[in-house]
Amino acid sequence: RAYLYPPTANSLAVDTVPLRDAALRINLDVTFHRMGCAIVTLDAMDVTGNAHLDVAHSVYKRRLDARGEPIAQAERHALGGSMHDGDGRAREALNEEGEGEDKCGSCYGAEEREGDCCNTCEDVREAYRRKGWAFKNADSMVQCAREGFTAKLHAQEGEGCRVSGYLDVNRVAGNFHFAPGKAFDRGGVHVHDLQPFDTYDFDTSHTVHSLSFGEKYPGAQNPLDAEVVQMPALTPTGMYSYFLKVVPTEYEDKAGRVIDSNQFSFTRHYRAMKSIMGGGVPGVFFFYDLSPLRVHYVEERRSALHFLTSVLAILGGVFTVSGMVDGMVYHGSKAIAKKME
């Protein structure tokens with residue numbers, strides 16, 4: 001076994017590997033049991049000021065019913081994808097109504113430049129986000145009323161949502177979080193627009209199926225895998241925060257192949273919110289920071305000669321012990337036979 005599955009030696013040193021300019025990959029798979037996909041958004045930001053609002057690349061959402069089963073005929077949607085799919089249908093509707101592709105819809109005062117058009121509800125929401133305005137009274141906007149924006153939200157009440165995929169972020173401290181509503185910056189402050197959901201209770205009960213940083217390596221253990229969190233029945237709305245310490249890790253197998261990855265430890269905290277207007281944003285937050293230390297694992301190489309020598313030594317030991325036992329039995333039986341005479 002020691003030859004087929006060689007042990008690993010580990011060492012710890014200050015991280016001087018020049019990888020700080022490389023991206024840090026975050027692999028995630030999280031289910032929200034009582035928040036629909038139309039509500040949940042994923043945002044990421046770091047200490048350098050880079051923000052990825054309503055991340056859409058390489059992350060997907062799947063609608064779930066109240067029992068946690070995928071809804072029949074539902075497709076996997078990129079984050080924000082249901083809105084973009086709606087945009088396509090809305091543009092087709094515009095053409096069918098004879099308004100043509102040159103039709104310029106109103107942005108309701110949120111235009112950045114003269115001549116800007118908002119032909120879909122998502123265009124209006126995005127224009128409001130850039131302005132830092134709250135998006136409310138969606139039914140009073142022609143585009144949103146035509147697409148049934150409010151009806152879509154109500155249709156997903158009681159549903160859950162499974163979010164999976166990966167993010168590539170800067171290799172510096174930062175956070176990513178799941179929260180309701182479109183995100184935007186207002187005076188340098190990260191804000192979520194909760195106006196369309198002011199009648200909702202946000203139950204942030206969730207299951208972390210898997211969460212890892214970087215490529216998987218042999219023996220890797222991610223402490224948050226299969227983490228199930230149920231919010232208190234009396235205060236299901238709140239901020240559930242994970243604080244992660246990410247340790248750069250290098251694994252070198254016996255063939256000399258090196259895997260650059262990470263492992264992490266975590267603590268958590270929950271702050272209940274009586275009202276979404278009482279300060280803070282309900283959701284699940286992951287704050288991560290990188291350790292200045294690096295762990296290096298090396299598979300110990302065992303040659304065939306070493307294996308053969310070990311086998312011969314074991315066989316020699318077996319023969320020696322069996323000879324000793326045989327001698328003891330022989331001399332013991334002889335002594336007993338003498339006494340009996």
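Is Tyr-108 buried, partly exposed or exposed? In this predicted model, Tyr-108 counts as partly exposed because its relative accessibility is 29%, and the partly exposed class lies between under 20% for buried and over 50% for exposed.

**Backbone and exposure**

Tyr-108 sits in the loop that links helix H1 (81-96) and helix H2 (121-131). Although Tyr-108 is not a glycine, its phi is positive, at about 55°. Ala-226, also not a glycine, has a positive phi of about 65°. The loop holding Ala-226 runs between S11 and strand S12 (227-229).

| Residue | Relative accessibility | Class |
|---|---|---|
| Glu-250 | 19% | buried |
| Tyr-108 | 29% | partly exposed |
| Leu-312 | 52% | exposed |
| Ala-226 | 58% | exposed |

**Nonpolar cores**

The largest nonpolar core contains 34 residues, and Phe-176, Phe-178, Leu-211 and Phe-286 have the most contacts inside it. At least two residues of this core come from each of strand S2 (23-32), strand S3 (40-46), strand S7 (160-170), strand S8 (174-180), strand S11 (206-213), S13 and strand S15 (283-290). S2 gives the largest share, 5 residues.

Leaving aside residues up to four places away in sequence, Phe-176 touches Ile-26, Leu-28, Leu-42, Asp-43, Ala-44, Leu-167, Leu-211, Val-284, Phe-285, Phe-286 and Tyr-288. Another core, of 14 residues, lies apart from the largest one; Val-124, Tyr-128, Phe-149 and Leu-153 are among its members.

**Glu-250 in strand S13**

Strand S13 spans residues 238-252 and includes Glu-250. Glu-250 is classed as buried because its relative accessibility is 19%, and the limit for that class is under 20%. The side chains of Glu-250 and His-296 make a polar contact at 3.3 Å. Beyond residues up to four places away in sequence, Glu-250 touches Val-258, Ile-259, Arg-294, Val-295, His-296 and Tyr-297.

**A nonpolar patch on the surface**

In soluble globular proteins, nonpolar side chains tend to be buried together. Which residues form a nonpolar patch on the surface here? They are Leu-305, Leu-308, Val-311, Leu-312, Leu-315 and Phe-319, which together have about 610 Å² of accessible area. One of them, Leu-312, is placed in helix H5 (residues 304-340). Leu-312 is exposed because its relative accessible area is 52%, and the exposed class begins over 50%.

Conventions: Residues numbered from 1 in each chain as written. Predicted model: local features only at pLDDT ≥ 70, side-chain atom pairs only at ≥ 80, totals over all residues. Heavy atoms only, no water. Helix = DSSP H or I, 4+ residues; strand = E, 2+ residues; numbered from the N terminus. Buried < 20%, exposed > 50% of the residue type's maximum accessible area, 1.4 Å probe, protein only. Polar contact = N/O pair within 3.5 Å; in protein donor to acceptor, adjacent residues only side chain to side chain. Contact = heavy atoms within 4.5 Å. Patch = residues over 30% accessible without salt bridge, like charges linked within 9 Å, V, L, I, M, F, W, Y side chains within 5 Å. Areas by Shrake-Rupley, 256 points an atom, 1.4 Å probe, with all protein chains shown as cover. Salt bridge = Lys/Arg side-chain N within 4 Å of Asp/Glu carboxyl O. Core = buried A, V, L, I, M, F, W, Y, C linked by side-chain atoms within 4.5 Å.
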